[in-house]
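Here are some exercises to work through with the structure open beside you. Try each one yourself, then check the solution under it.

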Number of protein chains: 2
Amino acid sequence: MALSADLLRGYTDTIILRQLSHADSYGYRISKQVSLISQGGLEMKEATLYTAFRRLETAGLIRSYWGDETTGARRRYYAITEAGLEKLNQDCAAWEETKIMMDRLLKEDVE
Amino acid sequence: MALSADLLRGYTDTIILRQLSHADSYGYRISKQVSLISQGGLEMKEATLYTAFRRLETAGLIRSYWGDETTGARRRYYAITEAGLEKLNQDCAAWEETKIMMDRLLKEDVE
DNA sequence: TGATATACATTGACAGGCGAGGTATATAGA
DNA sequence: TCTATATACCTCGCCTGTCAATGTATATCA
């Protein structure tokens, strides 16, 4: 990822889960979507992306299947699972808390 | 750190710089302050903290000196440098952008 | 024919977080 | 007096996530 790369470490998974919560998708597309939505601010590197897919699938948060494209490069599609949706909700809640916490840590003056 | 540990990776430095922007401080105190301000949500581990101090000092963003306590354990104080203040400003700006980006990635629906 | 876009995947280096361990001083209580 | 607890410092080595580099294959367009 670019820009605040390290900050978002660990939220890669959440971002992917969120994209999959719209509809099944595949690596290349998710990577483009993320660039688009973040207006170029965040670029998920392929290595990072595919590592995350493996991690998420192992954890049972997503599952994958090969698309039946008759033309062009084959695509491995990913779908979010029930557990994945739960995780997404948790992560989003955690993100809200993190924002509040960080804002306090970065702005608030100490007693 | 607890909770969103991984997310804050890389922002450890920023949090420390912010604390030092109030006044010179030392490891143990900063760690307590962070717990206090974040209401226990974020606990900076000592290993993390001292690693960060080394990193920041090497980078010229802070400097250190021994306190002249005549009683109790000795303290190594840290002070933020001019470069550190600049870095802090940049990081805070980056944080604001990151929030916007993440909110878009986690909430906004794709086209 | 060669460049570019689509689409997948792995390997190995690197960096940051942190558990576990260690040192030393001061104080309060049993 | 001895022990526990708080204050205060520090390092080693493991683990995990990111990512540059590299490799594969298909389709399109100049």
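This is a predicted model, so keep that in mind as you go.

**Exercise 1.** Find out which residues Ile15(B) touches, leaving out residues up to four places away in sequence.

*Solution.* Start within chain B: Ile15(B) touches Val34(B), Leu42(B) and Met44(B). Now look across to chain A, where Ile15(B) also touches Met102(A), Leu105(A) and Leu106(A).

**Exercise 2.** Decide whether Thr14(B) is buried or exposed, and list its contacts.

*Solution.* First locate the residue: Thr14(B) sits in helix H1 of chain B, which covers residues 12-22. Then check its accessibility. The relative value is 0%, and buried means under 20%, so Thr14(B) counts as buried. Last come the contacts. Setting aside residues up to four places away in sequence, Thr14(B) touches Leu88(B) and Asp91(B), plus Leu106(A) from chain A.

**Exercise 3.** Work out how H1(A) and H4(A) are oriented to each other.

*Solution.* Pick out the two helices in chain A: H1 spans residues 12-22 and H4 spans residues 82-107. Their axes come within 10 Å and cross at roughly 125°. An angle between 65 and 115 degrees would be roughly perpendicular, and one over 145 roughly antiparallel. As for handedness, the crossing is left-handed. Now see who meets whom: from H1(A) come Thr14(A), Leu17(A), Arg18(A) and Ser21(A), while H4(A) brings Gly84(A), Leu85(A), Lys87(A), Leu88(A) and Asp91(A). Sorted by class, this contact of H1(A) with H4(A) holds three nonpolar, three polar and three charged residues.

**Exercise 4.** Take Thr51(B) and Gly72(B): is each one exposed or partly exposed?

*Solution.* Begin with Thr51(B), which belongs to helix H3 of chain B. Its relative accessible area is 44%, so Thr51(B) is partly exposed. Its C-alpha atom lies 9.9 Å from that of Asp13(B), 38 residues apart along the chain. Move on to Gly72(B), in the loop between strands S2 (62-66) and S3 (76-80) of chain B. At 66% relative accessibility, Gly72(B) counts as exposed. The C-alpha atoms of Gly72(B) and Glu97(B), 25 residues apart along the chain, are separated by 43 Å.

**Exercise 5.** Look at the backbone of Gln39(A): what is its phi?

*Solution.* Gln39(A) has a positive value, near 50°. Gln39(A) lies in the loop between H2 (27-37) and H3 (46-58) of chain A, and at 62% relative accessibility it is exposed. Now turn to chain B, where phi of Gln39(B) is also near 50°.

Technical notes
Residues numbered from 1 in each chain as written. Chains lettered and ligands numbered in written order. Predicted model: local features only at pLDDT ≥ 70, side-chain atom pairs only at ≥ 80, totals over all residues. Heavy atoms only, no water. Axes fitted to C-alpha atoms, helices over the stretch in contact; angles between N-to-C directions. Helix = DSSP H or I, 4+ residues; strand = E, 2+ residues; numbered from the N terminus. Parallel < 35°, antiparallel > 145°, perpendicular 65-115°, else oblique. Left-handed = near helix turned anticlockwise from the far one by under 90°. Contact = heavy atoms within 4.5 Å. Nonpolar A, V, L, I, M, F, W, Y, C, P; charged D, E, K, R; others polar. Buried < 20%, exposed > 50% of the residue type's maximum accessible area, 1.4 Å probe, protein only.
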